[in-house]
Every structure is written in structure tokens, then in C-alpha cells.
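Have the sequence and the 3D view ready.

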Amino acid sequence: MEKMVNIFLFGKKYEVPENLTIMTAMEYAGYQLVRGCGCRNGFCGACATIYRIKGDKELKACLACQTKVEDNMYIATLPFFPLVKEGYDIENIPTNESVMMQLYPEIYACIGCNACTKSCTQGLNVMQYIAYAQRGDFEKCAEESFDCVMCGVCSSRCPAGISHPQVAMLARRINGKYLAPGCGHLEDRVKEINNGDFKELIEALMEKPIEEMKELYNNRDIEK
Amino acid sequence: MYSEKFQKSIALVEAAREKNIALEPDRMTAKQKEDLLAAFHPDYKKDEFRELKIGPNAGEKVPTELAEILQAHSRITADCVDLESPDYETDVLIIGGGGAGTSAAIEADNAGAKVMIVTKLRMGDANTMMAEGGIQAADKPNDSPAIHFVDAFGGGHFAAKRELLSQLVCNAPGAIQWLSNLGVEFDKTEDGTMVTTHGGGTSRKRMHAAKDYSGAEIMRTLRDEVLNRNIPVVDFTAAIELILDEDGKACGAVLMNMETKELMVAKAKTVIIATGGAGRMHYQGFPTSNHYGATADGLVLGYRAGAKLLYAETLQYHPTGVAYPEQIFGALVTEKVRSLGAKLVNVNGDVFMHPLETRDVSAASIIRECSERGNGVDTGDGLGVWLDTPMIEAIGGEGTIMKRIPAMWRMFEKYGIDIRKEPILVYPTLHYQNGGLDINADCMTTNVENLYVAGEAVGGIHGKNRLMGNSLLDIIVFGRIAGQSAGAKCKEVTVGKMTLDHIAKFESEIEKAGIETQKVSPMLLPDYTRKNK
């Protein structure tokens, strides 16, 4: 017999097996999820959830698909949070801190409370990546924020109204497009293809009888 | 930390680690692979398949669960909606908001078309988001699109449509460049050289990655770009039937709000199906690495409207799904773990295969190890084999795991397993729909005009098995082509009278064939509530 625990979904009590995640516990309780459920594997950020263990002062945040239930867990899902996403033309934007002043000036109103970091479902140092964004160090902001799944919990806890995941998104795109080193071998190869350098080789493969293709495949040399 | 019952086997794995790292296991011969697949791969289990009685592929076999939804009733009849007063009118209607749908949207927008995306969950709730390991492109000097072609063609059992495969490999470097220009952060060395590794069945190291968030990094960037362009995205809205004109050309879809169930009509000049895969069909009872909405909707929509399927009988079981702990059972353990040096080890601590055979061969080999050979580890919920992750740190140096596969570390760390120090238990999981709707090189279906398909809903690009890293590639390459083609084609289309006559026609075929079923499709979402377990 599996061990059961009591959980409270939006305040209502359900008894569920202790080995379930919050997400599967909701399904066990009878919820057919539409919102608040995406990849079920910790990558998409759809299932942001806040909870408090009875008697505990601390409000915790997690992804429902990645967190086991606990006894006396009070659970509220946060399937949508109104993050601010500013539009911009990636082909035509400044690549220093002025872009942040223009699009997300509220980051400069950060009061350093660190509630974002404490609430991050991925355990990221959110306040630190916002600090990097403030001073235009987008490479560091990109690195520090890379594992963000954009669930929005940080933003829900922010007294300054910052939409941290969108700030980081902008920083990563600027870093990826403008600041990271260019790739010579990629540019060369695209040019060669556009120049038709592989046309004959490919055309030969298009015509080759299956038996010859098998020969080619089974005897190809494999890079160590 | 593993409980007592695993410790004996872990001790054997640890004792053999040094020897196993040095070992270079033989690759299987063509004949060995053939025999292994026939005996142990799920695609070869004849009693798990059923012959289709109606539709364009009547007489062909597909997985039983797929046959049931392909030959099911529509969710509606023609009189449920008023086609004369559409709720939405657009040039290009894109069904699906994953990697293929968003790529198509960006390119159709570039072509000057009016574009709209409908998606039954949120934009980005897609298998793209979960792709971990990487994306292939032959952009290194020792590589070429031709070598990439041979790898993929052989890996797919020489069954790929060559005109599609040549598009895939020749447009691959361009796809990487396109993504880079949008701001996707690929792993590079300081001089800009791409950090590339092997995948199963590749003969050159051409796997590009963004740590082990490759798909997430691509998906969030594409999503951001769609939003920047103000392309309308109607989320939590599923397409439940295609609409055809009186000549049988696609010209829109009936939509359903997933929450209120309200029906709506979208009219369009061209339609792109980018609905993704089918892992949540749980073929043969397998767990899946797929996202919540992977229920083969596009195949159902297309098939009922008369579009042909290709290779729908072939599925990909990813060799390394999580076998333990149960909370993440079936979740993906990226192939990159093996690319970085981890080997597959049985209960006795023995390496039983080369770690980078193609996925179908690797999956069959693990199933054989756990069944016929009796060398699996009992997890309490089933069987698994070890994937010896500490080898990665031993080979690549301390810190390699946090730098290259942080998502894998995080996934197991939540359950008290440190993959830097302890091996993990894996077993095949349902991962990818190799087959799908049959298209030409411009992404239009072979027999329904103005209906385009991109991404996992396409059949034929990879043949009967797909290599790692060719799926992230195909959603970009064919998503872009579909967007360009549909975006150009819409300029010469005048939509005729819209009809849903195909629903009644299909219904009468169901009756004529004597198919008795209560099922309606598309399925849209699986039901995991307890009453249905």
C-alpha cells in the first residue's frame, strides 16, 4: 500500500500518494489540465506553482512537473503571468545598456530585495543577471540567465515590476547575434552551397541505386 | 543517492569504469542490426499494428492506437458552424506554434503574407522546446552536405524521399546561420568555431548545441521574433477540422477554444499543418519524452481531408528515457550524454554495445539486454540499464557536466541523484513520429492543394528512422520552406466556396467499411485523470 499525504489544491483538501509530482497529484485528484501543463519535463515553464507547507512562513515556488508533493502542502498554480514583453527590431537596436534604458527602464528601479532569486524555479541568480543587464554586460547576463524557462515567478514577486525573463531574452538575443564571435567555417560553407559547390555530389546521390547507397553507407569512414 | 537495492550493481559499474572508459566497443554489422531490429524493435511487433480500412492509405498498416483515431468520428458535423461568416480571415493559416510553425510564420511574414498562428496550448508548448542534444549541419571543413545525406539516408534504412533529404542537408548550414542571425546562442569556442559532437549514426561531428537546452534556446528565440513582428497568435485554440473549397483545396480550419469549447471559423488562402508529433498516444504502452499536446492531430486533420500518409507505421523510441526515479519516468536523457562519452552498461557492469549506434538499433539493443539476455536492472517499476554519466567527467574533466548538460544534472539532482558521481538508469521511451503527411519539396501535400506541412507531422524526410539532431534541423528547414511556399502561393489563390462536405463523406466511409467506434478525433490532449487510469 502506497503512503498517502494530504495536499490542498487551491485550498481544497485531497489525499494523494506521496510519490507523485504536484502535476500528477492534480491529475490523480481528477483535474484534466488544459492550462498550467506543457512539456511535463521542466523545460517550458507552463506549470509555475506557488506553495506553502502548513506552519511554514516561507512561500515557495516551483514547477509542478518537477516537484514532489509533501504532506500539508498548500498549492496554487500560476499558469499565466502578465509579463511585459516589449517589441523591437533585432536588425536595428543598440547593443549596449541604452537598449535596456529604452525598453525596460524599470530594471533600474530594482531595490535589491533578491525576491526574484529566492523564488526562481530553476535556482538561477536572477538579481545578478538583472544587474548585468543594467550595466550592459549582456554576455554575462546571457550566461547567468541561460537556463531560464520563463515561468514568470520571479516577476510575480518583484516589487519593482520587472519582467526578468523578457529582459534576459533580449540580452541573450543581442549576445547571440552581435556580441558572440562570428563563425567563419559556417559562413564559408553557406557561400559554397549557394555557389553550387555540392550540386554535383548531391545530384549523384539522388540517382544512385539503393545497393550502391548501402555500399557507401556501410563502408563510410567515421571520424573518431 | 540510490537506495540499498541498487548498490550492488552500482559497485560493479564503478569497479569496471576505468576499463569501460578505455574500451572501444565494436559497431554492429548491417546484418547484426537487421536481426536485432526484427527481434526487438517495437516497430516490428506485428500484432501492435492494424490495417486501415478507409482513407488514402487504406490497406496499409499503422499502430493500432493511430488507426483508431484516424478512423474515428469528427468532433463536429458541417452544420455546427457557419462558414459564410468566418471569425478570422488571413492569407496563411498556421496550425501549431512550435518550431516549425513559428519558422513558417516568420518566413511567410517575410514574403509579405498576412499570417496567423493557432495553437491548442501556448506558443512554444512543443517538442521543439524539449529537444536537448542539438541540431545537425555539415559546416565543418571535413564534412559536407553529401556526407550528411549518406548518414541520414542509411540511418533511415534507405527509405527517405531523396528530394526532401537533399533539401534538409543542403539548407542545414543556412538554417544555423538564420538562427544565429536571430540571436540563437550556439556553443562556440573563443574564435567562433562551433563546438560540435557526434550523434548516433553520424560519421562526422556535426551536432551543434546550446548546452542541453538546444531546442528551448531555439524555440524561445523564434517565439520572441514572432511577438516582435506582431504576428497574431491565437492560443488555447485547436484546429479540429480543415475546411476545403469546392475543388478540394484547403482554405481554412474549424477552431475550438480549448477552455470554453466555442467553435470558430478561420478562412485562409493557404494552410500549414505544423502540429508536431504523437508521443502522448503512448503506442504499445510506452512512456514518452514528448510534450502534453503530442497527439497526432495534424495526421488526423490531413487524413480526413484526403491527404496521404507516408511511413506512419514507423516510430522512434529514444534509447535513453529515464527508467528511475518514477517521477520523471520516460523523460528524455539526451543522446548528448553518450556523445560526451558515457557508455551503456548492464547490471553486471559490462558495456554491451557501442554507445552511438542509431536510435532504433540502440533502443532494440537495450530492450534485448533487459529481456532475452536478462541483464537489466530491476527499478521497482520495470527494467533499465545504466548510463554511466561519471565517465563524462573522467573523460572531459571536472565541470564538463555543468557546462555541457546542466539540464540533465538539474533533472536528477531534484531527486537526490548527482549524475556527476552516480550513473543513471535508462530504458527506451516513445520519442518521435518518423512518418506523417506526404509532401513535395515545397512542403505542399502530394494530393491536397494549398495544404502545406512542416515539422514532425511530415513523413518521408528521414525515412524509417531519424538521426539525432535532424529533427531540430527539419523543423527549421521545412518550416522556412513551408512559410516561403505558402506565403508566395497565397498571392495567386482566390478562395472558392468553403465546405465541410468531407466530414460527411468520411463518416459514410466509416459506416460502409463496417467500422464500429465511439472515438472522436483529433484527440487534442491525453486524459491522465485517475478515473481513466
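Find Ser155(A) and look at what surrounds it: setting aside neighbours within four places in sequence, Ser155(A) is in contact with Phe81(A), Leu83(A), Ile162(A), Ser163(A), His164(A) and Pro165(A). Two residues are in contact here if their C-beta atoms, placed from the backbone, lie within 7 Å. Before going on, note that this is a predicted model, where local features need pLDDT of at least 70 and side-chain atom pairs count only at pLDDT 80 or more, while totals for chains, interfaces and linings use all residues. Residues are numbered from 1 along each chain as its sequence is written, and chains are lettered from A and ligands numbered from 1 in the order in which they are written.

Is Ser155(A) buried or exposed? Ser155(A) is buried, because 23 other C-beta atoms lie within 10 Å. Ser155(A) belongs to helix 6 (residues 153-156) of chain A. Helices (H or I, at least four residues) and strands (E, at least two) are DSSP runs, numbered from the N terminus. Now move 21 residues along the chain to Gly176(A): its C-alpha atom and that of Ser155(A) are separated by 24 Å.

Zoom out to the whole of chain A, and you get ten helices and five strands. Of its 224 residues, 41% count as buried. The C-alpha trace of chain A spans about 70 × 55 × 30 Å along its principal axes. Chain A has a radius of gyration of 24 Å, whereas a compact globule of 224 residues would have one near 17 Å. That radius is taken over C-alpha atoms, and the globule rule is 2.2 Å times the number of residues to the power 0.38.

Chain B comes next, with 17 helices and 23 strands. Its radius of gyration is 23 Å, close to the 24 Å from the globule rule for 533 residues, so chain B is as compact as a globular protein of that length. Of those 533 residues, 61% count as buried.

In soluble globular proteins, nonpolar side chains tend to be buried together. The largest nonpolar core here has 232 residues, and Ile94(B), Val271(B), Ile272(B) and Ala454(B) touch the most other members. A nonpolar core means a set of buried Ala, Val, Leu, Ile, Met, Phe, Trp, Tyr and Cys residues joined through C-beta atoms within 7 Å. Leaving out neighbours within four places in sequence, Val271(B) has contacts that include Leu93(B), Leu242(B) and Tyr452(B).

Finally, see how the chains meet: 70 residues of chain B and 60 residues of chain A take part in the contact. One spot to look at is where helix 10 (residues 210-218) of chain A and helix 6 (residues 145-155) of chain B have axes that come within 9 Å and cross at roughly 105 degrees. Axes are lines fitted to C-alpha atoms, for helices over the stretch in contact, with angles running from 0 to 180 degrees between N-to-C directions. Met213(A), Leu216(A) and Tyr217(A) from helix 10 of chain A meet Val150(B), Phe153(B) and Gly154(B) from helix 6 of chain B.

Terms used: Buried ≥ 20, exposed ≤ 12 C-beta atoms within 10 Å, placed from the backbone.
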